[in-house]
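Subject: the model you asked for

Hi,

Here is the structure I promised to pass on.

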Amino acid sequence: MKIIHYNPVLDKYFRDLNLSWLEKYFYVETMDAELLENCERSIIDKGGYIFFAEIDSEIVGCYSMIKLKDSIYELGKMAVDQAYQGQKIGQKLMLHGIAFAKSQNWKELILYSNTILEPAIYIYKKFGFREVALEKDTPYARSNIKMQLILN
């Protein structure tokens, strides 16, 4: 598996991988649609990043770093193709994301999730994310947990 940087020809994979899990567990919210329908405009052009997991020239996973403030990013839109789940691809993407954030000298990463996604929450905790107070107006209605990783 290799992890590759964003390229506009991969927009479809970013959208489809994320729609797959959103529709399985939740529904597509306004914020999701905004981020997924034009990820270059809504993430990349605003100082964010998108990465993809590739196996044998096939895109099997992705994640994004959405800029919130200088050196504070939201780790979001992490998804792995159902056919490839259970192969630790999500953990490899997480390792890559944390290493990338540290290489950029960012202060912290945050993420929003839902506690019904127990395997994901387990992975976040395994990599050092800790639960913090969830603000009143979260970007996603489905979020019932906010986690933070301090990078210094």
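Predicted model: local features only at pLDDT ≥ 70, side-chain atom pairs only at ≥ 80, totals over all residues.

First, a word on naming: helices (H or I, at least four residues) and strands (E, at least two) are DSSP runs, numbered from the N terminus. By that naming, Asp32 belongs to helix H2.

Residues are numbered from 1 along each chain as its sequence is written, and side-chain values use heavy atoms, with hydrogens and water left out.

Back to Asp32. It is buried, with a relative accessible area of 0% (buried means under 20% relative accessible area, exposed over 50%, partly exposed in between, with a 1.4 Å probe and protein chains only). Leaving aside residues up to four places away in sequence, Asp32 touches Leu22, Tyr27, Lys77, Tyr140 and Arg142, where contact means heavy atoms within 4.5 Å.

The sheet

There is an open sheet of 7 strands, in the order E1-E2-E3-E4-E5-E7-E6, with mixed pairing (two strands pair if DSSP finds at least two bridges between them). Strand E1 (2–5) and strand E6 (130–132) are at the edges with a single partner strand each, so one side of each has no neighbour in the sheet. From one strand to the next the twist averages 30°; axes here are lines fitted to C-alpha atoms, for helices over the stretch in contact, and angles run from 0 to 180 degrees between N-to-C directions.

Strand E3 (residues 58–69) and strand E4 (residues 72–80) run antiparallel and are joined by 7 bridges. Lys69 has Ile72 as its bridge partner in E4, and Cys62 has Ala79. The hairpin of E3 and E4 has 2 residues between the strands, and Ser71 takes a positive phi near 60° there. With strand E5 (residues 108–113), E4 runs parallel, through 3 bridges; Tyr73 has Leu109 as its bridge partner in E5.

How enclosed is E4? Of its 9 residues, 9 are buried, so E4 is largely enclosed by the rest of the structure. Take Leu75, which lies in strand E4 and counts as buried at 7% relative accessibility. Not counting residues up to four places away in sequence, Leu75 touches Tyr63, Ser64, Met65, Met94, Ile110, Leu111 and Phe129.

Helix H1

The 15 residues of helix H1 (residues 11–25) should span 21 Å at 1.5 Å a residue, and the end C-alpha atoms are 22 Å apart, which agrees. The expected span is 1.5 Å times one less than the number of residues. Phe14, Leu17, Asn18, Leu19, Trp21 and Leu22 are the buried residues of H1, and they pack against helix H2 (30–37), H3, E2, E3 and E4.

Aromatic rings

A search of the whole structure turns up 11 aromatic pairs. Rings of Phe, Tyr and Trp (its six-membered ring) pair if their centres lie within 6.5 Å; planes under 30 degrees apart count as stacked, over 60 as edge-to-face and the rest as tilted. One of the pairs is Tyr49 with Phe100, edge-to-face at 4.8 Å centre to centre and 65° between the planes. This pair links distant parts of the chain, with Tyr49 in strand E2 (residues 49–55) and Phe100 in helix H4 (residues 89–103), 51 residues apart. Tyr49 is partly exposed at 26% relative accessible area, whereas Phe100 counts as buried at 11%.

Phe51 and Phe100 also pair edge-to-face, at 4.9 Å centre to centre and 65° between the planes. Both Phe51 and Phe100 are buried. Tyr49, Phe51, Tyr63, Tyr73, Phe100 and Trp106 form one aromatic cluster.

Two charges over rings turned up as well (NZ of Lys or CZ of Arg within 6 Å of the ring centre and within 35 degrees of the ring normal). Lys12 lies over the face of Tyr13, 5.2 Å from the ring centre, and the charged end of Arg142 sits over the ring of Phe26, 5.8 Å from its centre.

Last stop: Ile44, in the loop between helix H3 (39–42) and E2. Ile44 is partly exposed, with a relative accessible area of 23%. Its contacts, not counting residues up to four places away in sequence, are Tyr6, Cys39, Tyr49 and Ile50.

Cheers
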